[in-house]
Amino acid sequence: MSKIIYLGLIIFFCSQKNYAQKDTLVQQGDSKKSVFSATVLPLSLILTGSVLSGSLTDKTFQRDIRNKVGNDYHNSIDDYIQYVPYAQIYIGDAVGLKAKNHWFDQTKNIFITGIATTVIVGSFKRIIGKERPDGSSNHSFPSGHTANTFAGATILYHEFKDAHPAYAFSGYLFSATTGSFRVMNNKHYVSDVLA
């Protein structure tokens, strides 16, 4: 039942985003194809994570990963690197890279995104109530660390994509690394990280 509620909320939020993007894109003269292209990857990851969640495949994959890294493996680097894309925004400003917005507007965007990410992910964690692979709590789905770092990477990307594309994309490397360590540390299943 909780998966149905979760999927319904995802579809609702995504449809609202599409309407807002269509209005903005029409004003800018872009086509509907751009809206579709911008939402394909995120929706695919969310739906894949939702479908895999709780499946035998998900549990088997987790067991195999833990067997490869060792069942005693733990590295707390994921608690820190989730903030690297946020730091990169200010580092880019400090070294003089051309950004889309002033540091004050960047800070506003980070603050608003942080609140939205925390509320949305936290709500889903409580609604879904999926147990973590290590059994430490029932807040496994979706991964908050991964959501946080991808939010930061997305802000970084939009700030620097025009003038410094390699730097803009670099935040996603830290995001993928954070998600990988969440799985290796037995705090999340792959489905949690994908969603």
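Where does Asn 186 lie? Asn 186 is in the loop between α8 (165–184) and α9 (190–194), helices being DSSP runs of H or I with at least four residues, numbered from the N terminus. The model is a predicted one, in which local features need pLDDT of at least 70 and side-chain atom pairs count only at pLDDT 80 or more, whereas totals for chains, interfaces and linings use all residues. Residues are numbered from 1 along each chain as its sequence is written, and side-chain values use heavy atoms, with hydrogens and water left out.

Most residues other than glycine have a negative phi, and most peptide bonds are trans. Asn 186, although not a glycine, has a positive phi of about 65°. Asn 186 counts as buried because its relative accessibility is 15%; buried means under 20% relative accessible area, exposed over 50%, and partly exposed in between (1.4 Å probe, protein chains only). The peptide bond from Phe 141 to Pro 142 is cis, with omega near -5°. Pro 142 is placed in the loop between α6 and α7 (144–160).

In helix α5 (residues 84–94), the buried residues are Pro 85, Tyr 86, Gln 88, Ile 89 and Gly 92. Viewed down the axis of α5, these fall within an arc of 160°, so they line one face of the helix; the arc is that of the directions from the helix axis to the C-beta atoms. They pack against α4 (78–81), α6, α7 and α8, contact meaning heavy atoms within 4.5 Å. Gly 96, with a positive phi near 90°, follows α5.

The structure holds 7 salt bridges, each defined as a side-chain nitrogen of Lys or Arg within 4 Å of a carboxyl oxygen of Asp or Glu. One of them joins Asp 58 to Lys 130, with the closest N and O atoms 3.5 Å apart. This pair links distant parts of the chain, 72 residues apart: Asp 58 is in helix α3 (residues 56–69) and Lys 130 in the loop between α6 and α7. Both Asp 58 and Lys 130 are buried.

A further salt bridge is formed by Arg 182 and Asp 79, whose closest N and O atoms are 3.8 Å apart. Arg 182 lies in helix α8 and Asp 79 in helix α4, so the pair ties together parts 103 residues apart in sequence. Arg 182 counts as buried at 6% relative accessibility, while Asp 79, at 31%, counts as partly exposed.

Methods
Helix = DSSP H or I, 4+ residues; strand = E, 2+ residues; numbered from the N terminus.
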